[in-house]
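Please consider the structure shown below.

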Amino acid sequence: MALSKVTAAIAEIPSSVKLIGGTVVAGAVLITVLKKLRFWQTERKEYPPDTIVICQMGRGPYVPSLTPFAIKLETYLRLEGIPYEVEHNLLRKSKKTGKVPFLLYNGEEVCDSEFILEFLSKAKQFDLHKCLTSEQIAIGRAFQKMAEENTYWCFVADRWILDKTKTGLKELGLPRFLWWKMQRTIKGMIHAQGIGRHTPEEINYIMSEDLKAISDFIGTKKFLFGDKACKFDCAIFGILAEIRWASFGGFGTSVIKNYPNLCDYCERMKNTFWPDWNEKIQRDCTK
């Protein structure tokens, strides 16, 4: 059939049919692209009863996960010496909250890193705050909430929105035509949270003041409350590790370098609980 006849035939197709056909093609292309993302999915496994399975996005290129809450969970389980498995899937979210990481345990799904730890403390019978006084627990919670509810959002704005190099989006492996969608979503989130209403200079300042508070409290101590790490160290480390090693082209790396004891703290946590750190940051996302 001549090209002119093909063109004429297409022109006679109803617009509604064209729209449906275009949507189907676009959907097929999107699925193909997503399946090729390096963070797509590791092979699903069948686990013995009582196996702890942490479901999260794929391993990062410089940190074991691009979400600090997965690093928090894994670090704490390592601190307690509790065996666990990890499943990676960039697109798989909790059915209950639409977030990651989440826990699978004997067919039950548990969401939110704090609720996961509380659930496991009962299932595996360990004390989340052993050897800590009531005052230390109160201080630890205050620092954790500052880091997770304030510093974290400064970091999110820095990595995904303010970084003009867009290195984070490149490292994530997300196709360029989806970058605007992800950034629009994140802009909405940080605006609703409040951090996104500030200027880049103000966000930098807020992050710096948060890190200064943590730095001043740690001082020359090995960990938050002395020579032994606790649950709160795992949460703080999750945030600081992302800022220290995975700010990409953002300002986070330069900000944390203003506090050498925090850089030392990150190295100490990494060396103590992640002797396999270099193995766990491989891009194949299978371990």
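Predicted model: local features only at pLDDT ≥ 70, side-chain atom pairs only at ≥ 80, totals over all residues.

Residues are numbered from 1 along each chain as its sequence is written, and side-chain values use heavy atoms, with hydrogens and water left out.

The protein contains 12 helices and four strands (DSSP runs numbered from the N terminus, H or I of at least four residues for helices and E of at least two for strands). Of its 287 residues, 49% count as buried, a term that denotes under 20% relative accessible area with a 1.4 Å probe, protein chains only. The accessible surface of the protein comes to about 14700 Å², and 57% of this belongs to carbon and sulfur atoms; the areas come from the Shrake-Rupley method with a 1.4 Å probe. Among contacts (heavy atoms within 4.5 Å) with a separation of 6 or more, 73% are between residues 24 or more positions apart.

Side chains of opposite charge can pair when their charged atoms come close. A salt bridge is counted where a side-chain nitrogen of Lys or Arg lies within 4 Å of a carboxyl oxygen of Asp or Glu, and the count here comes to 10. One of them joins glutamate 148 and lysine 72, at 3.0 Å from N to O. Because glutamate 148 belongs to helix 5 (residues 134-162) and lysine 72 to helix 3 (residues 68-80), this pair ties together parts that are 76 residues apart in sequence. Glutamate 148 and lysine 72 are both buried. A network of salt bridges links Lys72, Glu114, Glu148 and Lys231.

Arginine 78 forms a salt bridge with aspartate 276, with the closest N and O atoms 2.8 Å apart. Arginine 78 is in helix 3 and aspartate 276 in the loop between helix 11 (260-273) and helix 12 (277-280), so the pair ties together parts 198 residues apart in sequence. A further salt bridge, at 2.5 Å from N to O, joins arginine 159 and glutamate 242. Since arginine 159 lies in helix 5 and glutamate 242 in helix 9 (residues 231-245), parts 83 residues apart in sequence are tied together. Arginine 159 and glutamate 242 are both buried.

Helix 11 has 14 residues and reaches 20 Å from its first C-alpha to its last, close to the 20 Å expected at 1.5 Å a residue (1.5 Å times one less than the number of residues). Its buried residues include Leu262, Tyr265, Met269 and Phe273. The cover over the buried residues of helix 11 includes helix 3, helix 8 (200-218), helix 9, helix 10 (252-256) and helix 12.

Conventions: Buried < 20%, exposed > 50% of the residue type's maximum accessible area, 1.4 Å probe, protein only.
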